[in-house]
Amino acid sequence: MTEQRARGRGPYRRGERRQSRLRRLLSPGMGLKRWLLLAFLGELCIAVAGFLVLRQVYREAGDTAISPVLDLLTLSFLPIWFRGALLLAVGIALFWWGFRRILGVLLEPFPARREPLVELVYQTRYLARGPRIVAIGGGTGLSTLLRGLKEHTSNITAVVTVADDGGSSGKLREGLGIAPMGDIRNCIAALADTEPLMTRLLQYRFPEETPLSPGLAGHAFGNLLIAAMIAIEGDFEEGVRQSNRVLAVRGQVVPVAPAALTLHAELVDGRTIEGQSKITRASGIRRVWVTPEKLSASSEAIEAIESAEIIVIGPGSLYTSILPSLLLPDVRAALAAATAPRVLVCNVATQRGETEGYSYADHVGALASHGVADLVDVVLANDNPGGRAPAGYPAEPVRLSPAPEGPGPRVVTGDMVDEQNAHHHDPAKLAMALMRLYEERAG
């Protein structure tokens, strides 16, 4: 039993899933309970009509030969309370089974989906009423956040950086002249309805010695898929937009800009370096900037920020995933004018090179040195340093002190760490912390 529970299989987990689906089916806002009640009242009317007919037949039959048959049909030889309980149980079971079968027949002509019917109704009815959330960033941090948020709302817009120049994205950027889509791929995989299987497919990398073609070596399948969609549509933004649709994304993933950005950094020793892949390994970063400096941001990203009910910045690499998007003039102006609360999710662990030894105050200080600290209302920081750290991982938990001097964003702390990986957020914990902030503001 312990092994079955740990692996998520067996009767224990199946029972848990059935209970969870029933709770979701009866959640407020699903719009289903009222129709179930109406159908039940209709069944009740039919039952009462049947009762009246039987009573009239009884009166007319008297002691004739039909009377024993009526006694058998109405179970009159059983106690009245037992008859009532038995008929009620059988009626509920038949009604529920028939209701599900009817829905199954109605949905049969549509394309097959692996999700249970309850999940489809829940996504369509309940999650569509969730808050409008914009998440800005990139890397694994943003995709982790999205996995948690999509359980609370389908009104999610992930605004993703396009400054990557390494790995598969870098090769496609150089070879095809298109903006990098590695972070976009990660976010699409996180928000896909069929996430576990879709993640495996999109993240699959062709081996270095592939028998198919040397040109595929090292490329992620998701990058090739999005690149093909961009080629078909003839436009980077439209290609990403159609990728959202084809891959059944819950929400939308948009690039922060319609073209690639190049990231530059100045170090404390006065040296300058170019390229995200180099900067992420550098220590002692003084400032970063992007080129082209006046590149316009994606119109979809700006519209999403303007209509958002909560804006989340991060988590992710401070200098290479978060700041590149914030440094675009259009994004900065939209965030400055936004009425929604703007939340910076501080990383739970430092990053070798880029943020070694940083506290949460250092993260805010880095934003201040780039002139964007005023775009943050709340800093959400983890206060649980526990959890299992990966063997040999050089990072350490982000310190909560010392606090920055003077006015600044409000700091909210909570347990948001993944107990199995102390250097990453737990998607569910992080999403719950953000939803509490949203409800606090909305209330």
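T262 stands opposite T291 of strand β6, in a pairing where six bridges join β4 (residues 262-267) to β6 in the antiparallel sense. The model is predicted, so local features need pLDDT of at least 70 and side-chain atom pairs count only at pLDDT 80 or more, while totals for chains, interfaces and linings use all residues. Residues are numbered from 1 along each chain as its sequence is written, and side-chain values use heavy atoms, with hydrogens and water left out.

**Three-stranded sheet**
- The strands β5-β4-β6 form, in that order, an open sheet with antiparallel pairing; strands pair if DSSP finds at least two bridges between them, and strands (E, at least two residues) and helices (H or I, at least four) are DSSP runs numbered from the N terminus.
- β5 (272-274) and β6 (285-291) stand at the edges with a single partner strand each, so one side of each has no neighbour in the sheet.
- From one strand to the next, the twist averages 20°.

**Seven-stranded sheet**
- A second open sheet has seven strands in the order β3-β2-β1-β7-β8-β9-β10, with parallel pairing.
- Its edges are β3 (252-255) and β10 (410-414); each has a single partner strand, so one side of each is left without a neighbour in the sheet.
- Neighbouring strands of this sheet are turned by 25° against each other on average, direction ignored.
- Five bridges pair β9 (residues 378-382) with β10 in the parallel sense, and N382 stands opposite G414 in β10.

**Helices on the sheet**
- Helix α7 (residues 139-149) lies across β1 (133-137), β2 (156-160) and β7 (310-313), running at about 165° to β1; angles run from 0 to 180 degrees between N-to-C directions, with axes fitted to C-alpha atoms, for helices over the stretch in contact.
- Helix α14 (residues 299-307) packs on the sheet and touches β1, β2, β3 and β7, its direction making about 125° with that of β3; contact means heavy atoms within 4.5 Å.

**A helix pair**
- Helices α11 (residues 221-233) and α12 (residues 236-246) pack at about 120°, with their axes 8 Å apart.
- This makes α11 oblique to α12, where angles under 35 degrees count as roughly parallel, over 145 as roughly antiparallel, 65 to 115 as roughly perpendicular and the rest as oblique.
- Residues making the contact include I226 and M229 of α11, and F236 and V240 of α12.

**A buried serine**
- S325 lies in helix α15 (residues 318-326).
- S325 is buried, with a relative accessible area of 0%; buried means under 20%, exposed over 50% and partly exposed in between, for a 1.4 Å probe and protein chains only.
- Not counting residues up to four places away in sequence, S325 touches I136, T161, V256 and V331.
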